[in-house]
Amino acid sequence: KLEKVREMFPFDLGQIVYDIQLKDDKGRYTKTNPSREYSTVSEVVVDEKNYFSLVERAKREDVFTDYEEAVFYLDLLCMQ
């Protein structure tokens with residue numbers, strides 16, 4: 001049961017997570033053809049206001065708990 005709860009609530013309040021922001025070559029947010037030059041990985045502190053949106057974004061692989069994983073995934077997306 002604890003595994004199921006941890007799956008539903010993967011973050012702790014105050015935890016730092018890494019948010020991938022995909023941008024095109026003009027600096028606009030995009031989901032297709034992101035540019036590595038303009039796309040970024042930002043630190044976000046989990047709080048009561050953003051918790052559930054971060055959980056949803058983590059399911060879509062837009063948020064990671066490990067910085068290196070986030071950068072690796074961003075590099076993969078920008079190579080396609």
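Let's begin with Glu61, which sits in the loop between helix 2 and strand 3. This is a predicted model, and in it Glu61 has a positive phi of about 60 degrees although it is not a glycine. Glu61 comes after helix 2 in the chain. Is this residue buried or exposed? Glu61 counts as partly exposed, because its relative accessibility is 39%.

Asn33 is another residue to look at here. Its phi is also positive, at about 50 degrees, and Asn33 is not a glycine. You can find Asn33 in the loop between strand 1 and strand 2. With 62% relative accessibility, Asn33 counts as exposed.

Three of them make an open sheet in the order 2-1-3, with antiparallel pairing. Strand 2 and strand 3 stand at the edges and have a single partner strand each, so one side of each is left without a neighbour in the sheet.

How many bridges join strand 1 and strand 2? The antiparallel pairing of these two runs over 6 bridges. Within it, Tyr18 stands opposite Glu43 of strand 2, and Ile16 stands opposite Val45 of strand 2. Strand 1 also pairs with strand 3 in the antiparallel sense, over 2 bridges, and there Asp19 stands opposite Val63.

Why is strand 1 described as largely enclosed by the rest of the structure? The reason is that 5 of the 6 residues of strand 1 are buried.

Helix 2 covers residues 51–59, and Tyr51, Leu54 and Val55 are buried in it. These three cover an arc of only 105 degrees around the axis, which puts them on the same side of helix 2. There is a general idea behind such patterns: an α-helix has 3.6 residues a turn, so residues three or four places apart point the same way.

What covers these buried residues? The cover includes helix 1 (2–8), strand 1 (16–21), strand 2 (40–45) and strand 3 (63–64).

## A nonpolar patch on the surface

Val5, Met8, Phe9 and Phe52 form a nonpolar patch on the surface, and together they have about 380 Å² of accessible area. One of them, Val5, belongs to helix 1. Val5 is partly exposed, with a relative accessible area of 44%.

## Charged partners

Side chains of opposite charge can pair when their charged atoms come close. In this model the count comes to 5 salt bridges. One of them joins Arg36 and Asp75, whose closest N and O atoms are 2.6 Å apart. This pair links distant parts of the chain, since Arg36 is in the loop between strand 1 and strand 2 while Asp75 is in helix 3, 39 residues apart. Arg36 is partly exposed at 36% relative accessible area, and Asp75 is partly exposed at 29%.

Glu56 is partly exposed, with a relative accessible area of 41%, whereas Lys59 is exposed, with 58%.

Finally, Asp62 and Arg60 meet in a salt bridge at 3.6 Å, N to O. Salt bridges that share partners join Lys31, Arg60 and Asp62 into one network. Asp62 counts as buried, at 8% relative accessibility.

Notes:
Residues are numbered from 1 along each chain as its sequence is written. This is a predicted model: local features need pLDDT of at least 70, side-chain atom pairs count only at pLDDT 80 or more; totals for chains, interfaces and linings use all residues. Side-chain values use heavy atoms; hydrogens and water are left out. Buried means under 20% relative accessible area, exposed over 50%, partly exposed in between (1.4 Å probe, protein chains only). Helices (H or I, at least four residues) and strands (E, at least two) are DSSP runs, numbered from the N terminus. The arc is that of the directions from the helix axis to the C-beta atoms. Contact means heavy atoms within 4.5 Å. Patches are made of residues with over 30% relative accessible area and no salt bridge: like charges are joined within 9 Å, nonpolar side chains (Val, Leu, Ile, Met, Phe, Trp, Tyr) within 5 Å. Accessible areas come from the Shrake-Rupley method with a 1.4 Å probe; for residues, only the protein chains shown count as cover. A salt bridge is a side-chain nitrogen of Lys or Arg within 4 Å of a carboxyl oxygen of Asp or Glu. Two strands pair if DSSP finds at least two bridges between them.
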